[in-house]
Amino acid sequence: MIARLTEEERAAALARLPLWTAVADPDGLSRRFTFADFNAAFGFMTRVAILAEKADHHPEWSNVYNRVDIVLTTHDAGGLSQRDVDLAQAIDALIE
Ligand code: HBI
């Protein structure tokens, strides 16, 4: 059973994820990615999809042309869990 992060754990996680924003409903993390064009955006989504499958943890996301909005929340925990933090860090590593 995966647990929601405590307030202290959330604060520590957010400090390490400065490009992500805490959101409510769902309780999670959000980040907007903007690329040169659709092709680049979709290529990014493909790489995130591979990460998500490997982690068995999947984003809630939308794509409009060169923009990808990602929300990470853990359905099994009913909110923000360590799996979201881990996936956010892995996604950030794709971009750096
Ligand atoms: N992805 N975001 C998210 N939250 C989950 O709870 C989740 C998931 N991907 C797969 C998954 N859970 C499986 O563990 C369950 O569907 C069995």
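The shell around the ligand holds no nonpolar residues, 5 polar ones and 2 charged ones; here Ala, Val, Leu, Ile, Met, Phe, Trp, Tyr, Cys and Pro count as nonpolar, Asp, Glu, Lys and Arg as charged, and the others, Gly among them, as polar. Keep in mind that this is a predicted model, where local features need pLDDT of at least 70, side-chain atom pairs count only at pLDDT 80 or more, and totals for chains, interfaces and linings use all residues. Numbering runs from 1 along each chain as its sequence is written, and side-chain values use heavy atoms, with hydrogens and water left out.

**The ligand site**

- Around the ligand sit D56, H57, H58, T73, T74, H75 and D76; a residue is near a molecule or strand if one of its heavy atoms lies within 4 Å of it.
- The side chain of H58 puts an N or O atom 2.8 Å from a ligand nitrogen.
- On its own the ligand exposes 390 Å², and the protein buries 67% of that (Shrake-Rupley areas with a 1.4 Å probe; for residues, only the protein chains shown count as cover).

- T74 sits in the loop between β4 and α3; helices (H or I, at least four residues) and strands (E, at least two) are DSSP runs, numbered from the N terminus.
- With a relative accessible area of 1%, T74 is buried (buried means under 20% relative accessible area, exposed over 50%, partly exposed in between; 1.4 Å probe, protein chains only).
- The T74 side chain makes a 2.5 Å polar contact with the side chain of S81. That term covers a pair of N or O atoms within 3.5 Å; within protein, one must be able to donate a hydrogen and the other to accept it, and residues adjacent in sequence count only if both atoms are side-chain atoms.
- Beyond its neighbours within four places in sequence, T74 is in contact with I2, H57, G79, S81, R83 and D84 (contact means heavy atoms within 4.5 Å).
- T34 is 40 residues from T74 in sequence, and their C-alpha atoms are 24 Å apart.

**The nonpolar core**

- The largest nonpolar core counts 21 residues, and W20, F33, F44, V68, I70, L72 and I91 have the most contacts inside it. Such a core is a set of buried Ala, Val, Leu, Ile, Met, Phe, Trp, Tyr and Cys residues joined through side-chain atoms within 4.5 Å.
- At least two residues of this core come from each of β2 (28-34), α2 (38-55), β4 (67-72) and α3 (82-95).
- As background, nonpolar side chains tend to be buried together in soluble globular proteins.
- Setting aside residues within four places in sequence, I70 is in contact with W20, L29, S30, R31, F33, F44, P59, E60, W61 and I91.

- R31 belongs to strand β2 and is buried, at 13% relative accessible area.
- A 2.6 Å polar contact links the side chains of R31 and D92.
- Not counting residues up to four places away in sequence, R31 also touches several others, including L19, W20, V68, D69, I70 and I95.
- Q89 is part of helix α3 and is partly exposed, with 31% relative accessibility.
- Q89 and N39 are 50 residues apart along the chain, with 23 Å between their C-alpha atoms.

- For context, most residues other than glycine have a negative phi, and most peptide bonds are trans.
- The D25 to P26 peptide bond is cis, with omega near 5 degrees, and P26 is in the loop between β1 (21-23) and β2.
- D56 has a positive phi near 50 degrees without being a glycine. This residue lies in the loop between α2 and β3 (60-64), and D56 is exposed at 59% relative accessibility.
- Y65, in the loop between β3 and β4, likewise has a positive phi, near 50 degrees, and is a residue other than glycine.
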